[in-house]
Amino acid sequence: MLIDTHCHLDFPEFAPELDAVVARATDAGIARMITISTHVARYDQYRSIAERFDNVWFTVGTHPHRAHEEPDISTERLIELAAHSRCVAIGEAGLDYHYDKSPREIADQVFRRHIDAARRTGLPLVIHSRDADADMANVLREEMGKGPFSALLHCFTASRELAMTGLELGLTISFSGVLTFKNSQDLREIAQSIPLDRMIVETDSPFLSPVPHRGQRNEPAFVKQTAQVLAEVKGVSFETLAHHTTQNALRLFNKMPSLSSDQRRLS
């Protein structure tokens, strides 16, 4: 039983066979999927996908690559849209200095509005952070000082220092297929030091397919391969890892109902 906590089911790569993608995930024991917002302007697409499938939920937010396209999305608007019964988080939002597609000052402002929305709604914030460790740590410390909020560092590939800052501030850390890559030994060593009760798994599909699917389009069913490697890294059974990451996800995304006994049995 697993939950893919981060996928992009609205992306065109999935359009021709979305029903089959969701069915394959269900057959693989993926009990839930969360399709993640990158543009608030696409809200209706995320909402309609979540309403179409009983095991899919969604988020609302502006990806840092798109912050310059949605610089005026207000905290109030995010709160309003997040009220939908199947919207379980704010984001993804954050800082990305690898591509720098948005001016950094705009990305910072947009990110802080998302933090405020998470704080005021009580929903978790899905954080995107790439090559921005120092600024990300500073923003998180400053904003946590204004009032607590729950959040996760999604698709974690950053430094051990940012991981430890996240843990200190009460954040959850999410691992994707990158964990399975041959050249990701440093990341596996960081994962080994993360407590079992503070980690979850994701695909970030259609990107970052785990081994042995590298070179293919990623999809939610493949989160199982990431979980298998994470279990090996942690020195626990796959069943133990699946139990902990699923419970962690349900605790973090607490607007989702708990799994029914039938779902647990089928998973």
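Colleague: Which residues of helix H1 are buried in this predicted model?

Modeller: Happy to go through them. In H1, which spans residues 18-27, the buried ones are Leu18, Val21, Val22 and Ala25.

Colleague: What makes you say that the buried residues of H1 line one face of the helix?

Modeller: Looking down the axis of H1, its buried residues fall within an arc of 95 degrees, so they line one face.

Colleague: And what covers the buried residues of H1?

Modeller: The cover includes strand E2 (30-35) and helix H2 (43-52). Just after H1 comes Gly29, with a positive phi of about 90 degrees.

Colleague: Let's turn to strand E4. Why is Glu92 called buried?

Modeller: Glu92 has a relative accessible area of 2%. Buried means under 20%, so Glu92 counts as buried. Glu92 sits in strand E4, residues 87-96. Glu92 and His6 are 86 residues apart in sequence, and their C-alpha atoms are 9.4 Å apart in space.

Colleague: Now the pair H7 and H8. At what angle do these helices pack?

Modeller: H7 (residues 185-192) and H8 (residues 223-234) pack at about 65 degrees, with their axes 9 Å apart.

Colleague: Why is H7 called roughly perpendicular to H8?

Modeller: Angles of 65 to 115 degrees count as roughly perpendicular, and the angle here is about 65 degrees, so H7 is roughly perpendicular to H8. The crossing of H7 past H8 is right-handed.

Colleague: Which residues make the contact?

Modeller: H7 contributes Arg188, Ala191 and Gln192, while H8 brings Val229, Leu230, Val233 and Lys234. By class, this contact of H7 with H8 has four nonpolar, one polar and two charged residues.

Terms used: Residues numbered from 1 in each chain as written. Predicted model: local features only at pLDDT ≥ 70, side-chain atom pairs only at ≥ 80, totals over all residues. Heavy atoms only, no water. Buried < 20%, exposed > 50% of the residue type's maximum accessible area, 1.4 Å probe, protein only. Helix = DSSP H or I, 4+ residues; strand = E, 2+ residues; numbered from the N terminus. Arc of directions from axis to C-beta. Contact = heavy atoms within 4.5 Å. Axes fitted to C-alpha atoms, helices over the stretch in contact; angles between N-to-C directions. Parallel < 35°, antiparallel > 145°, perpendicular 65-115°, else oblique. Left-handed = near helix turned anticlockwise from the far one by under 90°. Nonpolar A, V, L, I, M, F, W, Y, C, P; charged D, E, K, R; others polar.
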